[in-house]
Each structure stands twice: as structure tokens, then as C-alpha cells.
Amino acid sequence: MSDKAIGVVGAGTMGQGIAQVLISSGFNAQLYDVADEQLGRARSNIEKGLSKLVAKDKLSEADKNAALARLSTSTALDALSDCEVIIEAAPEQPALKEKLFRDLSHLSSDAILASNTSSLSLTRLAAVCERPERVVGMHFFNPVPVLKLVEVIRAEQTSDSTVERIERLAEALGKTAVPVGDSPGFAVNRLLVPMINEAAFLVQEGAATPEAVDAAMKLGAAHPMGPLALADLIGLDVCLAIMNVLQDGFGDPKYRPCPLLKRMVDAGYLGRKTGRGFHRYD
Ligand code: CAA
């Protein structure tokens, strides 16, 4: 990899985590978002994330400052024009992502365009781009600085060299790349989110409280956190969107979203980010 910055589109939770891992692994990162305030929040959260590592003696104060100096932010998409790889982590809205990919493919004729989409079709995203062979899925997991997996998703059009390049980048970030086909939900979310949906059914039916469901899965299946606490971490809107993608993609009723999950999203109880989901947060 050269010294050119890696672009990150979207300064939400995932974009922040990806940018943090890039700069702490020695890469320059160019973080883009439409909202200046969001970029400010992102910089401050990334600084907090790096400070955690300093507090645990995993990073020196000097290395933290050097990493922060490798982070640039901008509200202008043009700032990404010199990037060799651009990782898109915008909200999971198909029309938004397609527009971004179309714009990014015009902005740079040779950058690799990777999407952190949690379930949308990479083949469809590649189809709106010039040179679709450089489009690939690079799916990180929340919290990005902690979880080691990157699913590398090959669209129908993706070239071998694009996949190899992204696998090398994942490795340079200390992650393990696992190849997955372009199938709805890929591997992890196809397994994880139906489990969360089923946990919501348990609560809806009054069979167990959220606390009981979470305690059961932590103690009985050694999960680091229960499925409903995890839903709150991921965002209930994101979980619902993934269930909808699974249901539309497979046409199988086993993927029907739990009505309680839908109602909670309608109510704005989206999890940690709104202070209330299956659990309450201060
Ligand atoms: N930057 C750097 N380090 C961080 C960090 C950050 N932002 N956040 C946490 N850490 C570190 C902590 O410093 C801590 O380090 P040590 O082990 O050295 O002490 C470690 O990570 C664990 O953090 P905590 O002690 O704060 O918390 P914990 O032990 O309770 O673990 C958890 C929290 C990591 C979230 C754990 O419960 C977990 O792994 N849960 C499952 C998460 C999961 O399944 N995520 C996948 C969601 S699906 C997804 O993301 C894909 C999608 O498309 C929806």
C-alpha cells in the first residue's frame, strides 16, 4: 500500500471505528460525511477510543497523537479523489448507497470501492459503477476496534485483484478476512439477526423478559452479550432493515420481522443511540 489516504464515507459508528483502526494501523484516513457536526463527534469519539488503548498501556500517548494526525475530515466528496481505496459506511439506504457509488466511480477511475453494507447486494452496487470489477464488500463488525472479522464479499463483477487487495488491507488492519458470496445477509448477519428477531418474539409472547433472554444466552451459550443487548448495540432499525432484506431476498416466511421489533423502530426506540431499546441507557 502507498502513503495515499484510505477514504471512509460516513462518520457514524462504523465509519468512526473503521477510521480509528486505519489510523492506529499506520494508514492516513480521509473521513467524509455530509454533516460537519458529525465529523466533530467522530474525531472526539476516535480520540476517546484511542485513549482507552493508552489507559491500558496498549498505545503510547505519542503514538495516539501521531495516529490522530493521520486523520483528515471533510464534507466535500472531492477530498476522496486521491484515495486508492474508499470504504463506504453510509446509512443502509439502497438509493443513497447507489448514488454514492455512482459519484465515487466518477470521482476516481481506479480506486477500489468497498462497501461496509451489512446486507445489501454488492452486485447491484457494482452495476451502477464504471469499472464494476473494482467494487467489493468489506464488512466490519461493531465495535470495529475490537472485533477481528472482516467479511469480504465478492460481487458477480468483482475481479480477483480487487479481492486480494482488500484481503491484504484487512490483514494490515489486524483483521481476519473471511470470503463470503453476495447472498442476502452474507454469513454473520444471516445467522445473527434472525436470532435477535427470535429473541424479540420471545419478549413479544411474554415468554421471557429482555433481561432473562440476555442472561440465558450469556450464561447458557457463552455469548459475550445477550441478543437483545446486542440488538441495542447494532441499532433496532438496522436489525429490522436486515430482516427485511432477508425476507425480500429469500422470500421465505421464516425471515418475517417480529412485529414488536417493527413497533419499537416506529416508536424511535432504536437502542443505545436513542437511549432506549430493549434496555434503557443513560
Ligand atoms: N477502541 C479500542 N478498544 C476498545 C474500544 C474502542 N472503541 N471499545 C472497547 N475496546 C476494548 C476495551 O478497551 C477492552 O479491552 P481489554 O479486553 O484489553 O480490556 C475490550 O475492548 C472490551 O471492552 P469492554 O471491557 O468495554 O467491554 P466488554 O468486555 O463488556 O465487551 C463487547 C464489550 C466488545 C461489545 C463484547 O460484549 C462483544 O464482543 N459483544 C458482541 C458484539 C458483536 O457481536 N458485534 C457484532 C455486531 S453485528 C455487526 O456489527 C454487523 C452488522 O452488520 C450489523
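This is a predicted model: local features need pLDDT of at least 70, side-chain atom pairs count only at pLDDT 80 or more; totals for chains, interfaces and linings use all residues.
I'll start with the overall picture. The protein chain has 11 helices and eight strands. Its radius of gyration is 19 Å, close to the 19 Å that the globule rule gives for 282 residues, so the chain is as compact as a globular protein of that length. The C-alpha trace spans about 55 × 45 × 30 Å along the principal axes. Of the 282 residues, 47% are buried.

Thr73 sits in strand β3, residues 71-74. Thr73 and Val8 are 65 residues apart in sequence, yet their C-alpha atoms are 9.4 Å apart. Thr73 itself is partly exposed, because its relative accessible area is 32%.

Now the salt bridges. How many are there in the whole structure? The search finds nine. I'll go through three of them.

Glu61 pairs with Lys64, with 3.5 Å between the closest N and O atoms. The two residues are three apart in that helix, so about one helical turn separates Glu61 from Lys64.

Next, Lys97 and Glu92. Their closest N and O atoms are 2.8 Å apart. Lys97 has 0% relative accessibility and therefore counts as buried. Glu92, at 25%, counts as partly exposed.

Then Asp237 and Lys273, whose side chains meet in a salt bridge of 2.9 Å, N to O. Asp237 belongs to helix α10, residues 236-250, and Lys273 to the segment after α11 (259-266), so this pair ties together parts that are 36 residues apart in sequence. Asp237 counts as partly exposed, with 26% relative accessibility. Lys273 is exposed, with 53%.

Lys52, Lys56, Lys58 and Lys148 form a positive patch. Take Lys56 from that set. Lys56 is placed in the loop between α2 (36-55) and α3 (61-69). It is exposed, since its relative accessible area of 59% is over the 50% cut-off.

Last, the backbone. As background, most residues other than glycine have a negative phi, and most peptide bonds are trans.

Arg131 is in the loop between α5 (122-127) and β6, and is partly exposed at 38% relative accessible area. Phe186 is in the loop between β8 (176-181) and α7 (188-204). Phe186 has a relative accessibility of 4%, so it counts as buried.

And where is the cis peptide bond? It joins Asn142 and Pro143, with omega about 0 degrees. Pro143 lies in the loop between β6 (135-139) and β7 (149-154).

That is the end of my part.

Methods: Residues are numbered from 1 along each chain as its sequence is written. Side-chain values use heavy atoms; hydrogens and water are left out. Patches are made of residues with over 30% relative accessible area and no salt bridge: like charges are joined within 9 Å, nonpolar side chains (Val, Leu, Ile, Met, Phe, Trp, Tyr) within 5 Å. Accessible areas come from the Shrake-Rupley method with a 1.4 Å probe; for residues, only the protein chains shown count as cover. A salt bridge is a side-chain nitrogen of Lys or Arg within 4 Å of a carboxyl oxygen of Asp or Glu. Lys and Arg count as positive and Asp and Glu as negative; His and the chain ends are not counted. The place of a charge is taken as NZ of Lys, CZ of Arg, CG of Asp or CD of Glu. Helices (H or I, at least four residues) and strands (E, at least two) are DSSP runs, numbered from the N terminus. Buried means under 20% relative accessible area, exposed over 50%, partly exposed in between (1.4 Å probe, protein chains only). The radius of gyration is taken over C-alpha atoms; the globule rule is 2.2 Å times the number of residues to the power 0.38.
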